[in-house]
2 protein chains.
Amino acid sequence: MSSQPKTFVASTLFERIERARRRKTQFRDTHITLAHGSGGKAMHDLIQSVFVETLRNPLLERLEDQAVFTVHNDRGLTNTPTRLAFSTDSFVVDPLFFPGGDIGSLAVNGTVNDLAMSGALPLYLSASFIIEEGFSIDELRRVVASMAVAADAAGVAVVTGDTKVVQKGSADKLFINTAGVGILEKNTRISAAAARPGDKVILSGAIGDHGITVMVARGELELESQIRSDSAALNSLVQEMVSEAEEYSDIEALHCLRDPTRGGLATTLNEFAQASEAAIRIHEECIPVREEVQGACEILGLDPLYVANEGRLVAVVAAGIADRMLCRMRKHPLGCDSCIIGEVQSEPRGIVSMVTGFGGTRIVDMLVGDQLPRIC
Amino acid sequence: MSSQPKTFVASTLFERIERARRRKTQFRDTHITLAHGSGGKAMHDLIQSVFVETLRNPLLERLEDQAVFTVHNDRGLTNTPTRLAFSTDSFVVDPLFFPGGDIGSLAVNGTVNDLAMSGALPLYLSASFIIEEGFSIDELRRVVASMAVAADAAGVAVVTGDTKVVQKGSADKLFINTAGVGILEKNTRISAAAARPGDKVILSGAIGDHGITVMVARGELELESQIRSDSAALNSLVQEMVSEAEEYSDIEALHCLRDPTRGGLATTLNEFAQASEAAIRIHEECIPVREEVQGACEILGLDPLYVANEGRLVAVVAAGIADRMLCRMRKHPLGCDSCIIGEVQSEPRGIVSMVTGFGGTRIVDMLVGDQLPRIC
């Protein structure tokens with residue numbers, strides 16, 4: 001948690017690519033560590049070798065943050081199949097309440113965002129609570145009220161749920177799972193695998209606010225800060241982006257879309273680069289990081305590229321619509337600090353690199369280990 | 001856990017009804033207890049006063065085990081809206097492995113059943129894991145393999161997921177949430193509120209197997225038994241039942257359908273009686289209970305009516321189709337021990353009563369307290 005990520009250790013591209021290849025076939029971990037929940041490499045390896053290998057099916061293998069499928073309604077004669085998005089996330093954030101949000105609003109926004117990143121309109125959420133015996137019902141009410149406010153703001157309804165209670169000591173206060181269903185009205189084909197050389201990478205705002213806010217809120221660091229979590233529902237911003245592509249260009253010009261949560265911006269870009277078999281180059285000076293976040297990261301030995309966000313998105317779009325898209329995003333309150341941070345190249349495939357403030361270039365690998373456990 | 005449920009304490013109908021009315025407006029608990037997760041009265045009160053009151057919407061207020069809604073696909077001109085079912089459940093069962101199942105198969109079957117009880121064809125599941133640091137990856141593989149087998153058997157696919165890891169001591173080994181989406185192809189209107197005086201109550205098999213199996217598997221009781229959990233996916237049985245109603249009568253003759261999990265048969269019948277504002281009378285001698293389950297219940301001071309099941313269903317059907325439905329159910333491997341256990345009456349509203357083996361009648365209330373924590 002305290003050491004700098006391994007991205008700073010030099011190794012050749014060849015070594016890295018070979019290591020990545022080996023990793024796919026060699027998963028030899030015997031016990032779960034915090035790194036397996038970090039959003040980074042260890043988690044990807046676990047998901048690939050335990051979950052995807054065992055549960056094998058084409059939708060799961062796509063490794064998107066949501067499944068998109070069509071349902072066929074046999075009751076009409078000329079029905080077009082309905083395209084739906086479906087996603088789930090469990091929330092174990094510690095502490096439960098922090099500046100800018102709490103586990104309740106986070107649980108709503110997180111699943112709304114996972115649905116929205118496919119271009120879907122989020123419609124309905126489920127909410128499932130695992131509560132530790134002895135938890136305060138007043139705090140539970142606060143969390144549920146916060147979910148209600150967040151759901152209203154995002155235009156979704158919590159329509160089904162479940163409650164489990166475990167003995168004192170068998171869980172830490174409160175965990176919430178939300179799953180969600182959305183509808184794809186437009187013919188979007190957004191995918192982490194859709195980045196093409198020449199595309200531009202757009203980031204919707206400053207990075208690291210959520211992760212640093214939660215770290216500071218734990219009170220273990222003797223840091224004080226005015227930073228607030230960026231937790232927000234991004235579905236209305238995404239709808240603007242889908243409309244922009246549809247109205248002024250081609251809806252398929254919107255290639256990749258993802259919210260960089262656990263593992264941060266660096267991990268999301270690596271996911272795009274690997275799934276698309278392309279290279280992504282970003283420019284350090286273009287990436288907005290608040291001064292306070294930068295300062296906290298320096299004290300804690302963290303790299304803001306790996307710190308979690310809960311109200312930001314990264315988009316990869318065709319170069320021809322990048323400027324227009326940027327303008328449209330900046331008109332939205334949640335996209336007003338959007339900027340183009342880089343571009344997609346053909347080689348070296350699967351690799352993310354960053355032109356640093358000093359003019360050098362360094363490789364930006366996926367998160368190794370876990371900087372910040374229980375951040376969401 | 002060890003005392004007999006309060007159903008044995010005599011009180012007048014009037015007192016009970018008044019108490020139930022008062023309960024609706026007075027929820028004064030300040031801290032979560034195991035009873036709030038029991039499936040019984042305390043849980044219903046918590047759900048009503050905290051979740052439903054706060055998250056208010058017509059779908060949630062129906063208090064079904066799944067939400068049923070229509071999605072409108074604007075892309076076709078003459079489209080019939082598609083009716084979907086959506087449900088969620090978190091699983092915290094202790095121990096993780098027990099005769100007849102494990103947390104993985106339970107998590108698949110549980111959500112498949114919640115979808116099926118609306119008459120829906122379950123299609124897709126999500127799976128979200130909260131894992132304690134230090135958990136064995138071999139055990140995780142076993143659980144996931146069991147989910148894969150259960151999903152295949154039920155004809156569903158796990159298409160999206162999430163993994164969280166918490167520090168050692170912050171969760172007990174492994175919790176799994178599944179949510180699911182199903183499609184309603186037939187015009188079923190199944191609801192806990194649809195029971196009508198004259199209807200028959202059908203139970204699909206012996207009660208209490210799951211709960212007693214899990215209790216014995218904990219190894220705390222120095223009991224040995226050959227009992228296995230009844231955990232199973234009931235969707236194919238439900239499809240037979242829907243077909244029976246549709247082909248030989250009226251699809252709307254299938255009134256209520258629910259799987260009696262936490263809180264057992266007694267709680268499910270109370271839910272039907274209350275939602276339908278009707279009385280349900282059952283006959284003790286008609287309710288199948290395995291000898292071993294009965295014996296274990298006597299030793300433990302439990303009433304099998306309140307013990308959890310994970311592969312049984314209770315149906316309320318129009319009297320005219322009851323015998324035919326029973327025949328059809330008995331032809332299915334998961335319904336071969338089905339029997340008619342009672343009938344719906346008009347008065348006293350909201351009350352379940354049982355004609356005992358001795359010929360007397362006793363009120364069967366909802367579960368008070370928690371007999372068996374972490375049973376699913």
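Analyst: One definition comes before the rest: a helix is a DSSP run of H or I with at least four residues, and a strand is a run of E with at least two, numbered from the N terminus. On that basis, Leu63(B) sits in the loop between α3 (58–61) and β1 (67–71) of chain B. Keep in mind that this is a predicted model.

User: Why is Leu63(B) called partly exposed?

Analyst: Buried means under 20% relative accessible area and exposed means over 50%, with partly exposed in between. Leu63(B) has 36%, so it is partly exposed.

User: How do you know whether Arg374(A) is buried or exposed?

Analyst: Compare its value with the cut-off. The relative accessibility of Arg374(A) is 6%, and buried means under 20%, so the residue counts as buried. Arg374(A) lies in the segment after β14 (361–363) of chain A. Its phi is also positive, near 55°, in a residue other than glycine.

User: And why does Arg28(B) count as exposed?

Analyst: The limit for exposed is over 50%, and Arg28(B) has 67% relative accessibility, so it counts as exposed. Arg28(B) is in the loop between α1 (13–25) and α2 (41–55) of chain B. From Arg28(B) to Asp45(B) there are 17 residues in sequence, and 9.9 Å in space from C-alpha to C-alpha.

User: What makes helix α6 of chain B mostly covered?

Analyst: The count. Eight of the nine residues in α6 (209–217) of chain B are buried. Among them are His210(B), Ile212(B), Val214(B) and Met215(B). The cover over the buried residues of α6(B) includes β3, α4 (103–116) and α9 (291–300) of chain B. After α6(B) comes Gly219(B), with a positive phi near 75°.

User: Which peptide bonds of chain B are cis, and where are their prolines?

Analyst: One joins Asp94(B) and Pro95(B), with omega about 5°. Pro95(B) is in the loop between β2 (82–91) and β3 (97–98) of chain B. Another runs from Glu347(B) to Pro348(B), with omega near -10°. Pro348(B) is in the loop between β12 (339–345) and β13 (352–355) of chain B. For context, most peptide bonds are trans.

User: Now the whole of chain A. Why is chain A called as compact as a globular protein of its length?

Analyst: Start with its elements: chain A has 10 helices and 14 strands. Its radius of gyration is 20 Å, close to the 21 Å that the globule rule gives for 376 residues, so chain A is as compact as a globular protein of that length. Of its 376 residues, 63% count as buried. The C-alpha atoms fill a box of roughly 65 × 55 × 45 Å along the principal axes.

User: How far apart are the mean positions of the positive and negative charges of chain A?

Analyst: They are 4 Å apart, for 36 positive and 49 negative charges.

Definitions and conventions. Residues are numbered from 1 along each chain as its sequence is written. Chains are lettered from A and ligands numbered from 1 in the order in which they are written. This is a predicted model: local features need pLDDT of at least 70, side-chain atom pairs count only at pLDDT 80 or more; totals for chains, interfaces and linings use all residues. Side-chain values use heavy atoms; hydrogens and water are left out. The radius of gyration is taken over C-alpha atoms; the globule rule is 2.2 Å times the number of residues to the power 0.38. Buried means under 20% relative accessible area, exposed over 50%, partly exposed in between (1.4 Å probe, protein chains only). Lys and Arg count as positive and Asp and Glu as negative; His and the chain ends are not counted. The place of a charge is taken as NZ of Lys, CZ of Arg, CG of Asp or CD of Glu. Contact means heavy atoms within 4.5 Å.
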